[in-house]
Amino acid sequence: VNVFRFAGGLRAAQIFVFLISVAAGGLLATAILPPQGADAGSCSGSPQKQWVFRQSSLAAYGIDGYLRHPSGAISDPSCNFLAHFIAVFNSSGTKWVQVGLTIGVLPSPPDGPGGAPTTYKIYSDGINHCGTYNLVNHGDPTSSNRPYYISYSGQSGTDGCGSWAKFNIRKDSWLNQPIWYRYIDVASGPWIAENEALKDSTAWPDTGQPWWGHESATTWPLAYGLAWYNYSAGTWNEWTSTQGGTTGYISDPSGQTQQYRWCVDSVNRAHHALKGASC
Amino acid sequence: MIRVDRKSRWLGFGMVALAGLFAGALLSRPLWSSAADGGSVDERQAGDPRIVTVADLSATEEQVYRIAYDQAGDLWFVGARSDGQFSLNHIPPDGGPLERWLLPGKASPGPSTFLVEAGDGSWWVAANYSLWRFDPRTAQTLVALALDVSHPLQTEGATERGAPLPGTWVNGLLPTEDAVFLTRNNVRGLFQVLENGESALAEELAYAPAGLASVDGRPVAFASPAQMGIETAASSSSDDLALAYAETQDCSVTLSPAEASATVAGAAGTFSLGGLPARAGDMVAVGSGGGFAITLQEQPAILLGDCGMGDVESLALPGGTVGSDPRLRGGHQLQNLPPETGTRIEVVAIAVGPSGQVAFSDSTMRVFTVD
């Protein structure tokens, strides 16, 4: 007689709670895709958050570009947190795949893995097609100015969670093996480049002007700028103003004065976030 | 499937030998002997208490991309740092401290990392465009090869940026008595590397294989389902949606997410695993003795079984839910999600030993065994 035991699985009630929570998460999630937390900090209170971003109005199968982080630690690393990243997500913002850099320590709670007080770390995260959130700390960047890639693999299908599309995350070279795989429910969607800052009662950290793409991009080839992936054509295309999109910021709680601005230089070949009144 | 006669022609391999033989000049030595956490039962609330943490590489930020048991049942694994530094690690069976050696050079890390035992007790390690043979008994690197990215047998667009998955890194490694077979992403060839590092094309293929497996003791270069339908693999992730294992005539394990079920055909007959869903990213590992393990990460659980017994058990993974790990208490506010949504620790590698032992690594850079 063949025996099947399922001692460790979810009970029906748990599954129900899980499904409800996933649904709620979908309603709460916004198109902005903040990365996740860092190690527990010594600060207290609820963190304040602010995001500046550039978001496409078109769908694409991936995004790539250099992420350049400033050298040195952020101000007040025990209570501040910074991240800048690129991501592709579904149209409702409930599923995404993301890769980026983080530094700092979050006020506690909340806390979580993925950051370090004084050095930038590579992370990837996302909510997959099953509604599960995953985050991985990939360790130190190879250098302070390296390319990162999120691209649809061409593999898709349907499983117990529904439709899935597999994305490869690579770093340093598009010829390298992926450092991780992630799954969302669509093969293409809007994409975003974003900078996120969090603080508790202290001042907003200086972002140190993280860049997406090279600041001197007019002298650099396409590979150094931000680009979006056209899977059917097999091309990476430079992200310029002709692709449309939105530049903006969101703060939490709302009503805060904008501290960071999204700046675009060199005919949109490079982007950077700046703490200040204007670009 | 292509079955290869070892007398096949020897042609250029497209490799550049960084150093065919290392007489110890680039040897690594045991570096580390304390952080193994050997033998301690994982005390986290979630997860089965039989899951034991046997190594923790989080301090050095090394992902464990590949685990293997040797013929004696000892556990070995490969760690890789983001900067490309790889290490070979051994967990002594007597509960002694972790033994550890750094491999020379660097390679871009990722899940396409391989670790196979050579017939003489040395180990082959492959990752990205690098291949090593290392003898831990002498701490000598015997072979260190770097593959050229370009190859005459590469498929069209293999190294072009716009391809869906460009690159020609190693995607399969299979040991033989005195050599290893090797396959590469986007390259239509099956290659062989001898113990001394000499390499050659063993067989030109009509397609670029997705990996290598041993079927009835012979190498099989398998294609993705998109190319050839459901294929066979001794140990693989189900990135290509469907995978199967076929070691002997009387045991097979099949994962087919499209059918949301897994089946085991054992000596006692065929039965279903209760209709449990397999999903994209789940993995299968099967040991030489017929034991198998299937990750069902969304449960999150691992299914354990034995081909001969037909008995399947679900084992809850640690860290499968929010709050199960001290480092995973929150983050949900940041992502605008309620805590119940769940933060999951991902299984990175899984292996089954000759006696059915199971070990796996997860995304927190730790290695576990199932007691």
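## Aromatic rings in a predicted model

Lys166(A) lies over the face of Tyr181(A), 4.0 Å from the ring centre. A charge counts as over a ring if NZ of Lys or CZ of Arg is within 6 Å of the ring centre and within 35 degrees of the ring normal. Arg170(A) sits over the face of Tyr149(A), at 5.9 Å from the ring centre.

This is a predicted model, in which local features need pLDDT of at least 70 and side-chain atom pairs count only at pLDDT 80 or more. Residues are numbered from 1 along each chain as its sequence is written, and side-chain values use heavy atoms.

Over all chains, the whole structure holds 18 aromatic pairs. Rings of Phe, Tyr and Trp (its six-membered ring) pair if their centres lie within 6.5 Å; planes under 30 degrees apart count as stacked, over 60 as edge-to-face and the rest as tilted. Two of the pairs are listed here.

| Pair | Type | Centre to centre | Angle between planes |
|---|---|---|---|
| Tyr149(A) and Trp236(A) | edge-to-face | 6.5 Å | 75° |
| Trp101(B) and Phe134(B) | tilted | 6.0 Å | 50° |

Trp101(B) is in strand β8 (residues 99–102) of chain B and Phe134(B) in strand β11 (residues 130–135) of chain B, so their pair ties together parts 33 residues apart in sequence. Strands (E, at least two residues) are DSSP runs, numbered from the N terminus. Trp101(B) and Phe134(B) are both buried, and Tyr149(A) and Trp236(A) are buried too. Buried means under 20% relative accessible area (1.4 Å probe, protein chains only).

Tyr149(A) and Trp236(A) also belong to a cluster linked by ring pairs, whose members include Tyr61(A), Phe167(A) and Trp174(A).

Notes
Chains lettered and ligands numbered in written order. Buried < 20%, exposed > 50% of the residue type's maximum accessible area, 1.4 Å probe, protein only. Helix = DSSP H or I, 4+ residues; strand = E, 2+ residues; numbered from the N terminus.
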